[in-house]
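The entries follow in the order in which I went through them.

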Amino acid sequence: MPPVKSFGERIADALVEDGLLTLQQITELLELQKKEGTRLLKLVVEKQYVNEMDMVVSMGRVLNTQPINLARIGIAKEVADLVPREMAANHKVLPVSRLGDQLFLAMADPLNVLALDDVKRTTKLAITPLIATEKSILDKLNNLDSSKASMEDIISDAAKKAEEDRDDDNLELEKEVVEEVNLDQLVASVEEGPVIKLANLILVQAIKDRASDIHIEPFEKSVRLRYRIDGALMDVTPPPKNLQIALASRLKIMSNLDIAERRLPQDGRMRVRVGGRDIDLRVSFLPTVHGEKCVLRVLDKGNLAASMEKLGLDHDTFCRFKSAVDAPHGLILVTGPTGSGKTTTLYSALNELNNPEFNIITVEDPVEFQIPGINQVPTKKEIGLTFANALRSILRQDPDIIMIGEIRDEETAEIAVEAALTGHQVLSTMHCNDAPGAIARLDDMGIAPFLISSSVILACAQRLVRKICPNCKEPVTYPARMYESLGIDPKFFGASTLYRGRGCERCKTTGYTGRLAIIEAMTVTDEIRKLVIARSSAMEIGKVAVGQGMKTLRTVALEKAREGLTTLEQVLVVTSAH
């Protein structure tokens with residue numbers, strides 16, 4: 001009699017039948033399961049072999065349970081309120097609809113008998129389970145909670161209060177004054193319900209909209225609120241002016257900053273939990289003539305690639321990058337402007353290298369993502385802990401791999417090069433326009449050409465292009481003369497169809513959802529080393545690199561357009577013609 005298969009193995013069989021997993025992947029997963037003792041289905045999701053929705057469909061088939069996509073349905077408030085929020089979040093369940101005495105319940109685990117009993121006892125209804133992803137259930141619960149308070153409600157309440165406080169019979173001469181706030185009054189106002197709701201609403205909405213940054217900007221008679229989504233700043237409903245100081249103070253308290261200090265810049269950090277995920281935010285306050293401007297950088301670990309394979313690189317670029325990362329020593333440089341994803345790419349490489357065999361130490365300003373197994377050192381200029389000073393100490397800590405947040409000066413560059421030459425693997429970022437430019441930048445910093453040629457093994461340039469929204473994606477054609485004027489050979493696209501996003505509710509009429517990295521990777525070969533020693537220009541080095549197979553940023557971006565992932569407009573906006 002054959003052994004009875006576990007639930008995970010039955011699901012794995014279904015995934016193979018549905019063509020979502022290969023037998024080779026199943027063998028690999030089963031070996032990993034024996035080694036780590038982790039559930040098979042968890043490994044499937046962690047390895048990103050199958051997306052969650054496909055997993056749900058296959059699980060539903062095995063369990064004979066109807067799958068449901070919660071992102072596409074609306075849930076009535078009276079139905080959602082049938083199950084207490086805390087119970088729903090703990091059991092990962094969500095009431096979807098009610099038909100008489102029957103309640104349709106979305107569940108991440110339809111086999112959770114305890115959850116079924118609790119919901120049945122609470123609602124006094126017969127339960128029909130549906131299967132949904134855990135993420136979609138938590139996201140929907142989060143949406144329902146945040147909809148209880150809106151910016152319009154807060155503005156309305158603030159306007160009423162201002163109306164009550166104003167005496168229309170008095171005429172006063174306005175003059176510019178420096179606003180003084182009593183600290184006790186400020187602390188009291190920060191704890192008021194509307195201010196707490198306002199701060200929570202701004203943060204939750206930003207995370208729901210996948211914003212990378214939140215900008216709160218004070219002006220004379222108003223406050224502007226903007227989210228940076230997929231690289232573009234977008235205006236959203238702003239908070240009322242009379243809550244400006246209280247809101248800034250509330251965010252300072254959440255970031256462990258001094259609410260009494262409003263004349264000097266302050267930097268802090270906070271961690272919030274939204275939809276079952278821990279999100280870190282880096283907070284910066286800057287005094288302006290009309291109050292403090294606040295910018296919050298959203299650091300979501302979910303955006304980090306588990307490995308370099310998940311970065312979406314083309315085969316040639318991936319092989320170059322992988323070969324450099326696997327090298328026993330040498331300097332790897334990733335260049336690009338602020339916000340181009342350089343640090344995220346390096347973290348993905350560190351994730352690949354992160355195992356007990358290596359002593360990995362980073363020095364960053366500040367530490368963006370905290371990763372278990374990696375020793376991360378934040379710089380503190382005010383006490384003399386600079387990149388250079390931290391690096392000197394790190395080299396006495398017997399490191400195998402070092403990541404430097406950014407090479408900014410000659411001293412840091414010298415230590416990075418020396419570390420690479422003495423058997424360490426060093427990864428770092430720099431600010432310049434292209435991969436050959438990284439060599440020229442080190443030369444400008446005063447590093448001897450023979451040291452550069454001996455230490456640098458890979459130089460990359462990176463940008464982020466916006467991805468076409470899959471929900472409103474449609475074919476588009478361009479006139480031939482446009483290709484000519486832009487210096488693009490139409491034959492490059494062959495029979496491929498180019499696309500654009502029409503704009504829909506899901507992408508907020510932008511036509512784009514998410515971003516992807518394009519990387520220009522230059523391997524430092526013997527021929528390029530000779531050019532470096534001869535102090536050839538970045539342009540000459542670039543020509544030789546292209547001749548050796550390097551794809552420029554423009555070429556990589558055009559390939560992404562040919563694959564239907566981005567638009568020609570994005571290619572032109574993000575990359576130069578070289």
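Is Glu 352 buried, exposed or partly exposed? Working from a predicted model, I found that Glu 352 has a relative accessible area of 25%, and I therefore noted it as partly exposed.

Entry on the partner of Glu 352. I looked up the salt bridge that the side chain of Glu 352 makes with that of Lys 322, and the N to O distance is 2.5 Å. Lys 322 belongs to helix 13 (residues 315-325) and Glu 352 to helix 14 (residues 342-353), so this pair ties together parts that are 30 residues apart in sequence. For Lys 322 I read a relative accessibility of 25%, which means that Lys 322 counts as partly exposed.

I then turned to Lys 252 and Glu 292, whose side chains meet in a salt bridge at 2.8 Å, N to O. Because Lys 252 sits in helix 12 (residues 244-254) and Glu 292 in strand 9 (residues 291-299), the pair ties together parts that are 40 residues apart in sequence. I recorded Lys 252 as buried at 1% relative accessibility, and Glu 292 as buried at 11%.

Entry on Lys 551. I noted a salt bridge between Lys 551 and Glu 559, with the closest N and O atoms 3.2 Å apart. Here Lys 551 counts as partly exposed at 23% relative accessibility, whereas Glu 559, at 11%, counts as buried. I also looked for salt bridges that share partners, and these join Glu 217, Arg 224, Arg 226 and Lys 293 into one network.

Key:
Residues numbered from 1 in each chain as written. Predicted model: local features only at pLDDT ≥ 70, side-chain atom pairs only at ≥ 80, totals over all residues. Heavy atoms only, no water. Salt bridge = Lys/Arg side-chain N within 4 Å of Asp/Glu carboxyl O. Helix = DSSP H or I, 4+ residues; strand = E, 2+ residues; numbered from the N terminus. Buried < 20%, exposed > 50% of the residue type's maximum accessible area, 1.4 Å probe, protein only.
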